Amino acid sequence: MNDDIQTVLYSEATIQAACERLGKQLTQVYRGKNPLVICVLKGAVPFMADLIKQMDIYMDIDFIDVSSYHGGTQSTGAIELVKDVDQDVSGREILLVDDIVDTGRTLAYLKDLFQDRGASSVRVCMLMDKPEARQMAEMQADYVGFNVPNEFLVGYGLDYQGKYRNLPYVGILKPEIYQG
Ligand code: 5GP
Ligand code: MG
Ligand code: MG
């Protein structure tokens, strides 16, 4: 699996340092607030696990799964709710944790969902932000690990055809992997 990677962009140590920095920041933001921290499946699983260990506060955690429909080669922008959270979000301080914000559509869908359900706040922590790919300009994460180039990344939760999520780092695949 490691042989399929052309370039490592963010090493395990670099990612860990980002989790420590973000965790300290979020500890200050949420101290005494008992937030509900929601992991967006499946890409945010490794990041969620490392991030919450750096937050020295009481919290609840939950999981949601959404998928975006793609009509042909173009994203249609339609988002499907695959698995909902278990907990009531009304009156809760919500922290959404996801892997990467690209067009911003997933984030827009999730923020609306929790605001409509009466969350008292919805903040967003993203491991990575790809600002050049944004189609919804107002969709900004509140806390970001790395601003990344407009390339297709894998590892540390991010997949290509379901694989590579278990790499401990984020990297770029060799072109021959796509070409098959
Ligand atoms: P958005 O709705 O912002 O366009 O898309 C966000 C989702 O697209 C991410 O949660 C992720 O699943 C996927 N995505 C966006 N960029 C990349 C990338 O570079 N690599 C991989 N593997 N997935 C990506
Ligand atoms: Mg995702
Ligand atoms: Mg994917």
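**Reading the model, feature by feature**

Tutor: Start with an open sheet of three strands, in the order 1-9-8, with antiparallel pairing. Its edge strands are strand 1 (5-10) and strand 8 (153-154), and each pairs on one side only. This is a predicted model: local features need pLDDT of at least 70, side-chain atom pairs count only at pLDDT 80 or more, and totals for chains, interfaces and linings use all residues. Residues are numbered from 1 along each chain as its sequence is written, while chains are lettered from A and ligands numbered from 1 in the order in which they are written.

Student: What counts as a strand, and when do two strands pair?

Tutor: Helices (H or I, at least four residues) and strands (E, at least two) are DSSP runs, numbered from the N terminus. Two strands pair if DSSP finds at least two bridges between them. Here strand 1 and strand 9 (residues 170-173) pair in the antiparallel sense over four bridges. Tyr10 stands opposite Val170 in strand 9.

Student: Why does Gln6 count as exposed?

Tutor: Count C-beta atoms, placed from the backbone, within 10 Å of the residue's own: 20 or more others make it buried, 12 or fewer exposed, and in between it is partly exposed. Gln6 has 11 such neighbours, so it counts as exposed. Gln6 sits in strand 1. Gln6 and Lys174 are 168 residues apart in sequence, yet their C-alpha atoms are 4.8 Å apart in space.

Student: Which residues is Gln6 in contact with, leaving aside its neighbours within four places in sequence?

Tutor: Contact means that two C-beta atoms, placed from the backbone, lie within 7 Å. For Gln6 the partners are Ile172, Leu173 and Lys174.

Student: How many residues of strand 5 are buried?

Tutor: Eight of its nine, so that strand is mostly covered. Strand 5 pairs in the parallel sense with strand 2 (residues 36-41) over four bridges. Eight bridges join strand 5 to strand 6 (residues 121-129), also in parallel. From strand 5 the chain crosses through helix 3 to strand 6, and this β-α-β crossover is right-handed. That term applies if, with the strands pointing away from the viewer, the path from the first strand over the helix to the second runs clockwise.

Student: What is a nonpolar core?

Tutor: It is a set of buried Ala, Val, Leu, Ile, Met, Phe, Trp, Tyr and Cys residues joined through C-beta atoms within 7 Å. The largest one here has 43 residues. Among those with the most contacts inside it are Ile38, Leu96 and Cys125. Leu96 touches Ile38, Val40, Leu110, Val122 and Val124, not counting residues up to four places away in sequence.

Student: What surrounds ligand 1?

Tutor: A residue is near a molecule if its C-beta atom, placed from the backbone, lies within 6 Å of it. By that rule 19 residues surround ligand 1, and the closest are Asp102, Thr103, Arg105, Thr106 and Leu158. Strand 5 gives the most to this shell, with four residues.

Student: Which backbone angles deserve a look?

Tutor: Most residues other than glycine have a negative phi, and most peptide bonds are trans. In this model a cis peptide bond joins Leu41 and Lys42, with omega about -10°. Gln161 has a positive phi, near 50°. Tyr164 has a positive phi of about 80°. Tyr164 lies in the loop between strand 8 and strand 9.

Student: Is Tyr164 buried or exposed?

Tutor: Buried, because it has 22 C-beta neighbours inside 10 Å. Gln161, with 8, counts as exposed.
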